[in-house]
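Visitor: I am new to this structure and would like to learn how to read its pockets. Could you show me around?

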Amino acid sequence: MLMAAVTFMACAKPAQEKQVSIAGQLEARLDSIQKKGYMCGHEDATMYGVTWEWNENKCDIFDVTGDYPAVMGFDLGGIEMGDEKNLDSVPFKRIHDEIVKQHINGGIITISWHPRNPLTGGNAWDVNDTTVVRSILEGGSQHEKFKQWMTRVGDFLKTLKTDDGTPVPVIFRPWHENNGSWFWWGQQLCSDEEFHGLWNMLQDYLRGEGLDNLLWSYSPNLDGNWTEERFMKRYPGNDRVTLIGEDAYQWGSEEDFVKAVTADLDFLTEFAKKNGKLIAMTECGLKNMPDATWWTRVLKPVMDKYPICYFLLWRNYKEEYFGPSPGLDCAADFKKLYDTDNTLFLKDIQ
């Protein structure tokens, strides 16, 4: 009997010591960081800004604070076409290099994808046809084309490695804002079953390619009226999601924004707690910052109430910006945000 017990323990030990995936390591790191506060992120932070182009070595947040965002966002729109530059005219070589650099510096990376419309040839915002998702699922007229698109996405993601060949951990955030109807994968453009098929097809392919460095984020848009029944209709499932995001912009009044974000984060916090998930403000901002105190007066008091691990401001561009820049009136308030103890930038997580 004793010998049998010893033999069983010896056989069980390797399973107990199973190596955690790179995505699993990132999940643990995000959970640990969240206990200290929430990280600041910025889309295309080192790619271009309010007054400069992608071929310059700058960063608006650094120029305001002397520090880089802890999270940097990048987009793969255009990679599916075999293009050299993404939909914002940034070379994919540059995106690759900035992702690896951010990782080496101790930062976090998140990647979204705005693929073109595979059925019409339009962009991601082409919603003139409600059969696009159906057309790319197995048996659809565009299925073979989309398989090639997934291959190109996977091929790029496989290049995200350090010099020693270690894959870079990435928060991967496809099919975002699906509860809206401004993308061809949106609420009114496909059925719940078709959306699940779309999510599963991409995820199963990338997992099958051995990309265990992807932490999958499900990121619907600001809703303001979530119920568990409604949320679950498109939720991919606990085995397919690690981080639940919220894309929340103030397009209308401050009062409506705060009310909707509070309602959503109340719901998402409880849902995440019950299901063992991380939450984040995966996109947020106020376009062109007409309110110079918005950072500390509106956004921060809401975020302070919830266990989010990061918030990501959308890009800064000369005609449309969501982050600070030295010449903007909001720069001083953003510096105040930076100086608070629970807002974390790159130096805080290195």
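This is a predicted model: local features need pLDDT of at least 70, side-chain atom pairs count only at pLDDT 80 or more; totals for chains, interfaces and linings use all residues.

Visitor: Which residues lie nearest the centre of the largest pocket?

Guide: Look for Trp125, Glu177, Phe183, Glu283 and Trp314, which lie nearest the centre among the 17 lining residues. Sorted by class, the lining of this largest pocket has eight nonpolar, six charged and three polar residues.

Visitor: What volume does the second largest pocket have?

Guide: The volume of the second largest pocket is about 190 Å³. It is lined by 15 residues, and Ala23, Arg207, Leu214, Trp216 and Thr242 are the closest to its centre. Helix 2 (22-34) and strand 5 (214-218) are the elements that each give two or more residues to this lining. By class, the lining of the second largest pocket divides into six nonpolar, five charged and four polar residues.

Visitor: Now the lysine: where is Lys158 found, and why is it called partly exposed?

Guide: Lys158 belongs to helix 6 (residues 143-158). Lys158 counts as partly exposed because its relative accessible area is 30%, and that class lies between the cut-offs of 20% and 50%.

Visitor: Which residues does Lys158 touch, leaving out those up to four places away in sequence?

Guide: Lys158 touches Glu209 and Leu211. As for Lys233, 75 residues from Lys158 along the chain, the C-alpha atoms of the two are separated by 32 Å.

Note on methods. Residues are numbered from 1 along each chain as its sequence is written. Side-chain values use heavy atoms; hydrogens and water are left out. On a 1 Å grid over the protein atoms alone, a cavity is a set of points where a 1.4 Å probe fits but cannot get out, and a pocket is an open set with protein on both sides within 12 Å along at least five of seven lines; lining residues have an atom within 4 Å of a point. Ala, Val, Leu, Ile, Met, Phe, Trp, Tyr, Cys and Pro count as nonpolar, Asp, Glu, Lys and Arg as charged, and the others, Gly among them, as polar. Grid points are joined across faces, edges and corners, and a volume is the space filled by probe spheres set on the points. Helices (H or I, at least four residues) and strands (E, at least two) are DSSP runs, numbered from the N terminus. Buried means under 20% relative accessible area, exposed over 50%, partly exposed in between (1.4 Å probe, protein chains only). Contact means heavy atoms within 4.5 Å.
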